[in-house]
Amino acid sequence: MSLRFDVIGAGIATSGLPDWPALQAALDGRGLAEDGKSPPSALLSPRERRRAPRAAKLSFAAAEQACAMAGLKPAEPVAVFSSGMGDLDITDYMCRTLKEHPELLSPTRFHNSVHNAASGYWSIGAGATGDVTAISGWRDSATAGLLEALARLNDADHPVLLVVYDDLAQGPMRSLWPTEHAFSGALVLTRAGHSKPLARLTADTSNAPEQHDALPDELTARIADNPAARLLPLLALIAGKGAQVTLASEQGPGLRISRAET
Amino acid sequence: MKPLTITAMTLTCAAGTGLDAVRRALAEGRSGLRANDFPHCSLDTWIGRVDGVEEIDLAGDLAEFDCRNNRLAMLGLQQDDFIARVDALKTRIPADRIACIIGTSTAGIGVTEEAYRDMGEDEVFQPRHRLPRVHTPHTSAAFAARVLGLDGPVLTISTACSSSAKVFASAARLIEAGLADAAVVGGVDSLCLSVLYGFHSLDLVSDQPCRPFDRARKGLSLGEAAGFAILENDAATGFGQLLGWGESSDAHHMASPHPEGAGAAAAMREALQRSALGNAAIGYINCHGTATPLNDEVEARAIASVFDHPPPAASTKGWTGHTLGAAGIAESVFSLMALRDEFLPAGLNLDDPEEEWAGFILRQSRQQRVDAVLSNSFGFGGSNCSLIFGRLAP
């Protein structure tokens, strides 16, 4: 099964890699941007930025970059938000409150506890009335997200925004999800044949183990730290580094992604 | 779209464990709701709790998945020969070409709650709660694929109360794209303190059994359910066919519907357009119908904006409670049963209907053959999904 597609926008947000130029610098061997900050969200007002759940702020930081690079308004693409653990900050709040004072649970934090909180805030902030979905593949959420996004591209000739993100855990969940660095990465995909793509790619289902060309050590460390950062080799491929990436999955097929022959 | 056939299905909810039990409850007008008896919860409300979940034993290599949600999933999978039907499917289609797509909103959060409750001041989970495969939204799809031995794409959709309606759309797209040849879809959500106290904090829970579309409705009753279905191409027999689906976003508010139901109407219109059916072909609507004062009115007005002459419609949540992430699959099964059994269920506890805007809501269940049914599921985050199922030619 071979699916061709174009990437027309990309974004990244994690400590040391706050935006696409920072990723390009790291790929060129110039290290991490230790003090770099992702640009403030244009979708959230300063007040909303304080109130919005962490999952929204984390995912928007990459998603807004990808839409801007694609030259699309955030309302235009259909969107797939993929996260292995969702909003771990709210999980910690919910479970502590239910243990101590269940009757004092905050209604706002409850409705923000749904896995589609980030995608819901995106839809509201962007005014996106098309489909905006939220999926999970646990540690394989990058693979799962790409499968869902490619199937959507086949279904309709409409750009698809894919956002893969995962936060670090708060409190006792850290022992089960030991991630140190929150990460989000985003792509805007179109069907093959776009006039000015960042990259023209082909995806094939594959049962091969995860594989990619060598990356600078600081990026390899991030891939080991946060399963969402398994998107990094694909972002590197889009940035022109490497020839082929395999995103595996513990259950079901993975995807082998390579440059499309022109 | 190219229709897909539902060749097997099952449902376990408060109204019954397995299709026959659910059918009997529908025929007898018997609700599955009971006064709240959920452990560690003192709220004065009614719940759709499934009996027998606690007795399910997930042992051996399934022990790492042990939580109420996966026990409920296992109880559901054990009904209606579903596991044998999947095994038979695997003799026709290789397991690596069968996708497994499950919707859930609660997933295993009940165990996370318990782990916090039982941990000491050292803030370390007890060994029995150190289950990384449980404390993730993905637990239900991973569990179902493990139990059923499916090696195609395994995805969790978690968009609150539209989750397990959207599994049908996702499966149809994967099959159309050639990423799978068939799919097991489903939804599993289980009662837990997060949803009981959470919906209570939003003032959306009734202290009485829910009364969808009744003037005296005061809110929802929470429930739990597990349902599954097999979707195949080119099958001659089955419960019915998936003819269309529509998905949209309200882009309005996290927990309140768009006041004019614009997103709900858009989802229904897209499903109709994909099905290539005229509006008149829809013979029954299974409403989302949660029985909150606002949701029911917005949905009824959205239906009236799409259909000049709305068909008979009802919410089945009086039988099951609102099963959240499992509502989509539960109501898809109700819709397919309506087609197959030629029986249109009315809502329970509907004594005083809102004639001005909900005159088309069915007052009495009735035997009637219809050719197509629309099922609506709407969730937090303004996530909407409408599905259309059609009768298979005999």
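We go from the ground rules to whole chains, then the interface, then single residues.

Student: What are the ground rules?
Tutor: This is a predicted model, where local features need pLDDT of at least 70, side-chain atom pairs count only at pLDDT 80 or more, and totals for chains, interfaces and linings use all residues. Residues are numbered from 1 along each chain as its sequence is written, chains are lettered from A and ligands numbered from 1 in written order, and side-chain values use heavy atoms, leaving out hydrogens and water.

Student: How many helices and strands are there in chain A, and how many in chain B?
Tutor: Helices (H or I, at least four residues) and strands (E, at least two) are DSSP runs, numbered from the N terminus. Chain A has 9 helices and 9 strands, and chain B comes to 12 helices and 16 strands.

Student: What does the radius of gyration tell me about each chain?
Tutor: Take it over C-alpha atoms and hold it against the globule rule, 2.2 Å times the number of residues to the power 0.38. For the 262 residues of chain A, a compact globule would be near 18 Å, and the chain has 18 Å, which agrees. For chain B, with 394 residues, the rule gives a value near 21 Å; the chain has 19 Å, which agrees as well. The C-alpha boxes along the principal axes are roughly 60 × 40 × 40 Å for chain A and roughly 60 × 50 × 40 Å for chain B.

Student: What share of the residues is buried?
Tutor: Buried is under 20% relative accessible area, exposed is over 50%, and partly exposed lies in between (1.4 Å probe, protein chains only). That gives 62% buried in chain A and 67% in chain B.

Student: How many residues of chain A are in contact with chain B?
Tutor: 56 residues of chain A are in contact with 60 of chain B. Phe110(A), Leu176(A) and Gln251(A) supply 13% of what chain A buries against chain B, more than any other three residues.

Student: Which residues does Thr133(A) touch?
Tutor: Thr133(A) sits in strand β3 (residues 132-136) of chain A and is buried, at a relative accessible area of 0%. Leaving aside residues up to four places away in sequence, its contacts include Phe81(A) and Arg152(A) in chain A, and Ile157(B), Thr159(B) and Lys166(B) across in chain B.

Student: Where is Pro197(A)?
Tutor: Pro197(A) is in the loop between β5 (183-191) and β6 (199-206) of chain A, partly exposed at 22% relative accessible area. Its C-alpha is 5.7 Å from that of Val7(A), although the two are 190 residues apart along the chain. Pro197(A) also touches Asp6(A) and Ile8(A), among others.

Student: Which residues have a positive phi without being glycine?
Tutor: Two in chain B are worth a look. Glu123(B), with phi near 60°, lies in the loop between α4 (109-118) and α5 (139-148) and is partly exposed at 34% relative accessible area. Ala251(B), with phi near 55°, lies in the loop between β10 (240-249) and α8 (262-275).

Terms used: Contact = heavy atoms within 4.5 Å. Buried area = accessible area lost by both parts, 1.4 Å probe.
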